[in-house]
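Below are my notes, in the order I looked things up.

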Amino acid sequence: MANHRDGGIVIIGVDESGGSPRPVGLTPEELETWGYDDIAAILAACSDPTLSFEHEIRTYNGMPYVVLRVHEFAEVPILAKKDMLGERNKQIIRKGGCYVRSLGKPETSEIPSQDEMRDLLDLAIQKGIRKFVEQAVGAGLIVYRPSPARPASDAEFLRQLGEFLR
Amino acid sequence: MNPNAGRIKSKCYWEVVIRPNDFVEQRVANRHLLTRIVRGATVTYQGYHFPHMSENERPESEADWVGQFLDLGSYLELWRAYLSGQFYHLSANHADWGYRHMLSPFERVADDEPFMGVGYSLFRFTLALEFAARLAFTDMGGDDMHVAVNVGNLGKRRLVSDDPNRLHLRSEPTAGLDDFHFIRELSRAELGANPRGLALEGAKEFFAIFDAAFTEELLKGWQEQWLRR
């Protein structure tokens with residue numbers, strides 16, 4: 001999520017084992033294990049740079065859910081800082097890996113193709129340029145020059161939109 | 001008129017045009033690249049995408065454009081991206097197609113009464129201007145950019161407080177014009193440096209046609225609140 005444009009939302013308390021997601025909520029014991037500090041400590045240990053997120057507990061049909069709003073990376077894409085093992089010692093995160101949301105599938109995986117890699121690089125570059133522009137404008141290094149009030153090529157653009165305009 | 005556009009324009013609609021100021025027929029090399037640019041610039045705030053790009057359906061395309069039409073009941077939307085760098089987005093005003101907004105508990109709105117929410121409008125301007133800023137820094141952008149947000153078929157609808165934690169708008173502001181146009185010619189830097197500020201400017205001008213004036217601080221707070229809901 002953090003390597004995805006605008007980040008994303010993770011909802012803890014949804015059962016996906018049957019194929020389609022089913023809201024089941026968390027028991028009080030489970031909820032206790034999903035505190036902000038616990039999650040932040042785990043994420044800080046396995047992501048570099050540390051990713052930032054917001055933590056919220058919401059109730060639906062009387063059951064609590066943890067909602068994590070994961071922010072898009074600030075400057076450079078987030079990489080895995082260490083290996084992590086899941087059930088039956090199966091590796092779920094590889095040290096040095098770069099994880100992204102797959103195109104067209106609701107899943108996170110290591111960068112699966114050149115398309116996802118290019119998208120991520122483009123995002124990082126554009127963020128860098130936008131940040132530079134914001135700072136340069138703030139510091140007065142870029143001064144706005146007036147744009148032409150009515151561009152000469154207006155007619156060509158309007159012709160393209162002919163079928164939409166009344 | 002394009003039948004999907006005609007359907008959307010049969011009620012209140014939001015129309016956004018973003019383009020470089022100078023026309024270059026093939027500013028972007030090919031349509032595959034157009035799809036990638038739009039996908040990369042798509043704005044997603046609170047689960048709402050601008051534009052909606054379905055990954056399950058291939059975008060439609062013709063010689064010089066790619067685009068999609070989406071019909072999800074209250075979500076009616078179409079967009080087109082042209083090789084010239086022009087981007088066109090047309091979407092229905094969601095409340096007119098049955099979307100239930102959370103309003104201030106003090107607002108009295110009849111079931112079939114058309115209305116426009118303050119927060120919703122702010123959100124629409126913010127999505128459009130942020131997308132424009134992102135687009136400006138891609139191959140679809142230019143040194144000088146043209147951004148237009150048009151809201152059509154307003155009728156005599158009321159502006160309402162669409163926040164359950166706020167009071168209603170006591171003066172019951174009503175649209176004095178049927179169509180509203182916010183048009184800016186901006187340098188890429190100006191657009192990229194402060195899209196949210198430009199969105200506030202647009203929303204302020206929009207609210208003025210309802211004869212409603214809000215302070216800068218109030219609108220800024222409302223905008224941030226919508227972005228963090």
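Predicted model: local features only at pLDDT ≥ 70, side-chain atom pairs only at ≥ 80, totals over all residues.

These entries go from the chain contact to the sheets and then to a pair of helices.

Entry 1: I looked up the contact between the chains, and 28 residues of chain A and 30 residues of chain B take part in it. On the chain A side, the elements giving two or more residues are helix H3 (114-138) and helix H4 (154-160). I asked which of the elements gives the most to that side. H3(A) does, with 9 residues. I also checked the make-up of the chain A side, and I got 13 nonpolar, 5 polar and 10 charged residues.

**Entry 2: the sheet in chain A.** Here I found an open sheet of 3 strands, ordered E1-E6-E5, with antiparallel pairing. Strand E1 (8-12) and strand E5 (53-60) of chain A are the edges, each pairing on one side only. Neighbouring strands in this sheet are turned by 25 degrees against each other on average, direction ignored. I then looked at how E1(A) is joined to strand E6 (residues 63-70) of chain A, and there are 5 bridges between these antiparallel strands. Gly8(A) sits opposite Val70(A) of E6(A).

**Entry 3: the sheet in chain B.** What is the strand order in the open sheet of 7 strands? I read it as E4-E5-E6-E7-E1-E9-E11 in chain B, with antiparallel pairing. Its edge strands are E4 (60-62) and E11 (180-187) of chain B. Neighbouring strands are turned by 10 degrees against each other on average, direction ignored. I picked out E6 (residues 75-82) and E7 (residues 87-92) of chain B, an antiparallel pair with 5 bridges. Trp79(B) has His89(B) in E7(B) as its bridge partner.

**Entry 4: helices on that sheet.** Helix H3 (residues 118-136) of chain B packs on the sheet and touches strand E1 (13-20), E7 and strand E9 (144-152) of chain B. Its direction makes about 160 degrees with that of E9(B). Helix H5 (residues 195-208) of chain B lies across E9 and E11 of chain B, at about 155 degrees to E11(B).

**Entry 5: H5 against H6 in chain B.** I followed H5(B) to helix H6 (residues 216-227) of chain B, where the axes come within 11 Å and cross at roughly 115 degrees. The crossing is right-handed. From H5(B), I listed Arg196(B), Leu200(B), Ala203(B) and Lys204(B), which meet Leu219(B), Lys220(B) and Gln223(B) in H6(B). By class, the residues of this contact come out as 3 nonpolar, 1 polar and 3 charged.

Terms used:
Residues numbered from 1 in each chain as written. Chains lettered and ligands numbered in written order. Contact = placed C-beta atoms within 7 Å. Helix = DSSP H or I, 4+ residues; strand = E, 2+ residues; numbered from the N terminus. Nonpolar A, V, L, I, M, F, W, Y, C, P; charged D, E, K, R; others polar. Pairing = 2+ DSSP bridges. Axes fitted to C-alpha atoms, helices over the stretch in contact; angles between N-to-C directions. Left-handed = near helix turned anticlockwise from the far one by under 90°.
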